[in-house]
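Student: I have a new structure open. Please show me how to read its features one at a time.

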Amino acid sequence: QSGNYDGDFKFGRFDGLGMLTLFSVGVYDGFFVDGVRHGTGRLVYDTGDVYYGDWCKDRPDGSGELVHFNGLDSFRGTFRCGERCDGVLTYLFDSNSSACYVYDGPFLHNREAGHGRCEFYDGASRRHTYEGHFVDGQKNGEGCWTNSACRVLGTFVNGICVNGIRRGEDTVYNGDFLIGKCNGLGSCYFVDTNILYVGEWKNGSMEGFGIADSHLLEIAGEW
């Protein structure tokens, strides 16, 4: 990569404090060791993104912060070999809104991966929280999703719960889900009426064969 350097040298190589302008990349201002960026420094990319933090062998490595040019997206945490390793990722969807996504946990190839926690604010001061396993940037595996209306503990695939327990204000459902709705086989206890239904569901409603038990009366049939 071609560019301009202004700073300290040692044995004919960049070494110490300096500023390096790399054409089509950006401007780095910080420390060098043996000709490469090493130590603490800041890189302002040509795109407008800014990284400030630790460097090792010409790549971000250690503690640092990367802020996107729009000022809405940022990551603060640990980098390894130029990639996010562990820390807090924040997306602000609109500078004029409170809607945002915040993830705190490990990363693999710059994507959320492993056991982490995320919070999503929908812009109406409602908070949705997930804590559990992530794969390739999405909720995958066992986890717990919570909002003001309910709590879901179960198995997630590509961000969607497919099986688990959902506790609402007056219901407890245990079974299959499809796109966030009760779908397939499941049981639901209705607290207010003291009724337990076990059977088939479709699009969030009892549909198909099932049994409803109120401890006083049991009804089995098609719903």
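Tutor: Start with the term pocket. On a 1 Å grid over the protein atoms alone, a cavity is a set of points where a 1.4 Å probe fits but cannot get out. A pocket is an open set with protein on both sides within 12 Å along at least five of seven lines. Lining residues have an atom within 4 Å of a point. Before we go on, note that this is a predicted model: local features need pLDDT of at least 70, side-chain atom pairs count only at pLDDT 80 or more, and totals for chains, interfaces and linings use all residues. Residues are numbered from 1 along each chain as its sequence is written, and side-chain values use heavy atoms, with hydrogens and water left out.

Student: Which residues line the largest pocket?

Tutor: The general idea comes first. Rolling a probe the size of a water molecule over the atoms shows where empty space is left. Here the lining of the largest pocket consists of Lys 139, Trp 145, Cys 150, Val 152, Phe 156, Gly 159, Ile 160, Cys 161, Arg 166, Phe 177 and Gly 180. The space in the largest pocket is about 200 Å³. For such a volume, grid points are joined across faces, edges and corners, and the space filled by probe spheres set on the points is taken.

Student: How many of the lining residues are nonpolar, polar and charged?

Tutor: Seven are nonpolar, two polar and two charged. Ala, Val, Leu, Ile, Met, Phe, Trp, Tyr, Cys and Pro count as nonpolar; Asp, Glu, Lys and Arg count as charged; the others, Gly among them, count as polar.

Student: Which strand gives the most to the lining of the largest pocket?

Tutor: Strands (E, at least two residues) and helices (H or I, at least four) are DSSP runs, numbered from the N terminus. β15 gives the most, with three residues. β13 (138–146), β14 (151–157) and β15 (160–167) each supply at least two.

Student: How many bridges join β13 to β14?

Tutor: Two strands pair if DSSP finds at least two bridges between them. β13 and β14 have six, and they run antiparallel. Their hairpin has four residues between the strands. Thr 146 stands opposite Arg 151 in β14. β13 also pairs with β12 (residues 127–135), antiparallel and again by six bridges. There, Tyr 130 stands opposite Trp 145 in β13. The hairpin of β12 and β13 has two residues between the strands, and Asp 136 takes a positive phi near 55° in it.

Student: How many salt bridges does the count come to?

Tutor: Side chains of opposite charge can pair when their charged atoms come close. The rule for a salt bridge is a side-chain nitrogen of Lys or Arg within 4 Å of a carboxyl oxygen of Asp or Glu. The count comes to eight. One of them joins Asp 58 and Arg 37, at 2.9 Å from N to O. This pair links distant parts of the chain, 21 residues apart: Asp 58 is in the loop between β5 (50–56) and β6 (59–67), and Arg 37 is in strand β4 (residues 36–45).

Student: Is Arg 37 buried or exposed?

Tutor: Buried means under 20% relative accessible area, exposed over 50%, partly exposed in between (1.4 Å probe, protein chains only). Arg 37 is buried, at 8%. Asp 58 is partly exposed, at 32%.

Student: Where does Asp 136 find a salt-bridge partner?

Tutor: Its side chain meets that of Arg 111, at 3.4 Å from N to O. The two lie 25 residues apart: Arg 111 in strand β10 (residues 111–112), Asp 136 in the loop between β12 and β13. Arg 111 is partly exposed, with a relative accessible area of 38%.

Student: What about Arg 117 and Glu 131?

Tutor: Their side chains also meet in a salt bridge, 3.4 Å from N to O. Arg 117 is in strand β11 (residues 114–121) and Glu 131 in strand β12, 14 residues apart. Salt bridges that share partners join Arg 117, Glu 119, Arg 127 and Glu 131 into one network.

Student: How many aromatic pairs are there?

Tutor: A pair of aromatic rings is described by the distance of the centres and the angle of the planes. Rings of Phe, Tyr and Trp (its six-membered ring) pair if their centres lie within 6.5 Å; planes under 30 degrees apart count as stacked, over 60 as edge-to-face and the rest as tilted. The count comes to 21. Among them, Tyr 28 and Phe 32 have ring centres 5.1 Å apart and planes at 85°, so the pair is edge-to-face. Tyr 130 and Phe 156 are edge-to-face too, with 5.0 Å centre to centre and 75° between the planes. Tyr 130 is in strand β12 and Phe 156 in strand β14, 26 residues apart. Both Tyr 130 and Phe 156 are buried.
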